[in-house]
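Hello,

Here is the structure I said I would pass on. My notes follow it.

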Amino acid sequence: MPGLMSLHRVLLLTAGMMMVAACGDPADSNSSRTGQILFTGRDAGGTSLYVVDDTGGTPRPLVTDAAFGRWSPDGRKVAFERWSQSTGEIIVRDIPTGAETNISQHPALERCPDWSPSGRQIVFVSDRGGWDRLYVMERDGSGVKPLGVAGTCPVWSPDGQWIAF
């Protein structure tokens with residue numbers, strides 16, 4: 001239960017100031033191989049992504065105007081959602097360089113990304129076609145494919161064979 005203890009520490013450190021994203025399993029998917037937990041917090045400007053060491057400490061801002069971040073399997077990138085006006089986009093941030101790439105680039109509302117265990121694909125929710133459905137795309141945003149089911153907050157199984165939603 002080390003992941004749950006780490007998550008519990010985040011909640012204690014940030015009580016009243018921040019919230020942990022409720023979708024997925026933050027104890028597994030949001031703890032990188034670098035020993036940091038990624039979570040969504042509220043601040044004066046809206047929501048931002050923060051990191052905190054899994055042993056505790058002070059949360060540090062990572063990305064502003066962002067929510068529902070997920071570490072890539074190698075811990076070098078973060079996929080997250082960013083809202084503007086009436087759209088939501090899936091953005092990937094390269095942690096070492098800070099470079100951000102909009103990989104969804106679609107006028108629909110797109111959110112809740114999660115990396116496949118191999119890091120080659122991202123599952124996400126989109127209202128393309130009028131209602132929330134699950135889609136999968138390559139990590140660069142190409143090859144978008146509908147999964148044909150409605151759902152929210154998708155999460156890959158550790159073996160990459162299943163997607164829970």
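**Strands, a pocket and a buried serine**

In the hairpin of β8 and β9, five residues separate the strands, and Gly 119 takes a positive phi near 80°. Strands here are DSSP runs of E, at least two residues long, numbered from the N terminus.

Before you go further, note that this is a predicted model: local features need pLDDT of at least 70, side-chain atom pairs count only at pLDDT 80 or more, and totals for chains, interfaces and linings use all residues. Residues are numbered from 1 along each chain as its sequence is written, and side-chain values use heavy atoms, with hydrogens and water left out.

β8 (residues 110-115) pairs with β9 in the antiparallel sense over four bridges; two strands pair if DSSP finds at least two bridges between them. Opposite Glu 110 stands Ser 126 of β9.

β9 also pairs with β10 (residues 133-138), again antiparallel, over six bridges. There Val 123 faces Val 136 as its opposite residue in β10. This hairpin has six residues between the strands, and its Gly 129 takes a positive phi near 85°. Five of the six residues of β9 (residues 121-126) are buried, so the strand is largely enclosed by the rest of the structure. Buried means under 20% relative accessible area, with a 1.4 Å probe and protein chains only.

There is also an open sheet of three strands, in the order β1-β2-β3, with antiparallel pairing. Twist averages 45° from one strand to the next; axes are lines fitted to C-alpha atoms, and angles run from 0 to 180 degrees between N-to-C directions. β1 and β2 (residues 46-53) share eight bridges. Tyr 50 in β2 is the bridge partner of Phe 39.

A pocket is an open set of points on a 1 Å grid where a 1.4 Å probe fits, with protein on both sides within 12 Å along at least five of seven lines; lining residues have an atom within 4 Å of a point. Of its 13 lining residues, those closest to the centre are Ser 72, Lys 77, Trp 115, Gly 119 and Arg 139.

Last, Ser 104, in the loop between β7 (100-102) and β8. Ser 104 counts as buried, at 8% relative accessibility. Its side chain makes a polar contact of 2.6 Å with that of Glu 89. Such a contact is a pair of N or O atoms within 3.5 Å, one able to donate a hydrogen and the other to accept it; residues adjacent in sequence count only if both atoms are side-chain atoms. A polar atom of the Ser 104 side chain also lies 2.9 Å from the backbone nitrogen of Ile 90.

Best wishes

Technical notes
Buried means under 20% relative accessible area, exposed over 50%, partly exposed in between (1.4 Å probe, protein chains only).
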